[in-house]
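Me: Hi! I have a protein open on my screen and I'd like to talk it through. Can you help me read it?

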Amino acid sequence: MKNYLIPMIAAFACAICNGTAAVLQKISADKEKNVSSLDARLLWRLIQNKPYLVGIVLDFLGWIFTIFAVQYLPLFLVESI
């Protein structure tokens, strides 16, 4: 019987990383003024914002956790977590 504890922990870690990343990115985006069209300067300002960058790193880390978990668990289980 295979041990599914570590992949389950990875799936839950992915959920925590993605949720935290979304909150941090939303906080950073709300601090910026509204723009009416596509503005590259907005992206530049967001990249310089530390919480936004931490959110991007957490998104990447969550993706790594997902890739690991999907190798050992069914996709529908990992995605539902």
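Predicted model: local features only at pLDDT ≥ 70, side-chain atom pairs only at ≥ 80, totals over all residues.

Me: OK, what is it built from? How many helices and strands are there?
Reply: There are four helices and zero strands. Reading from the N terminus, the order is α-α-α-α.

Me: Tell me about α1. How many residues does it have, and how far does it reach?
Reply: Helix α1 covers residues 5–31, which is 27 residues. From its first C-alpha to its last it reaches 40 Å, close to the 39 Å expected at 1.5 Å a residue.

Me: Which residues of α1 are buried?
Reply: They are Pro7, Ala10, Ala11, Cys14, Cys17, Ala21, Gln25 and Ser28.

Me: And what covers them?
Reply: The cover includes α2 (40–47), α3 and α4 (75–80).

Me: You mentioned Cys14. What about threonine 66, which residues does it touch?
Reply: Leaving aside residues up to four places away in sequence, threonine 66 touches Cys14, Val78 and Glu79. Threonine 66 itself sits in helix α3.

Me: Is threonine 66 buried or exposed?
Reply: Buried: its relative accessibility is 14%, and the cut-off for buried is under 20%.

Me: How much of the whole protein is buried?
Reply: Buried residues make up 25% of the 81 residues. The protein exposes about 6,000 Å², and carbon and sulfur atoms supply 70% of that area.

Me: Switching topic: how many aromatic pairs are there?
Reply: The structure holds two. In one of them, phenylalanine 68 and tyrosine 72 have ring centres 5.1 Å apart and planes at 55°, so this pair is tilted.

Me: Why does 55° count as tilted?
Reply: Planes under 30 degrees apart count as stacked and those over 60 as edge-to-face, with the rest called tilted. The angle here is 55°, so the pair falls in that remaining group.

Me: Where do phenylalanine 68 and tyrosine 72 lie?
Reply: Both are in helix α3 (residues 50–72), four residues apart, which is about one turn of the helix.

Me: What are their relative accessibilities?
Reply: Phenylalanine 68 has 31% and counts as partly exposed. Tyrosine 72 is partly exposed too, at 41%.

Technical notes
Residues numbered from 1 in each chain as written. Heavy atoms only, no water. Phe/Tyr/Trp six-rings, centres within 6.5 Å; stacked < 30°, edge-to-face > 60°. Helix = DSSP H or I, 4+ residues; strand = E, 2+ residues; numbered from the N terminus. Buried < 20%, exposed > 50% of the residue type's maximum accessible area, 1.4 Å probe, protein only. Contact = heavy atoms within 4.5 Å. Expected span 1.5 Å × (residues − 1). Areas by Shrake-Rupley, 256 points an atom, 1.4 Å probe, with all protein chains shown as cover.
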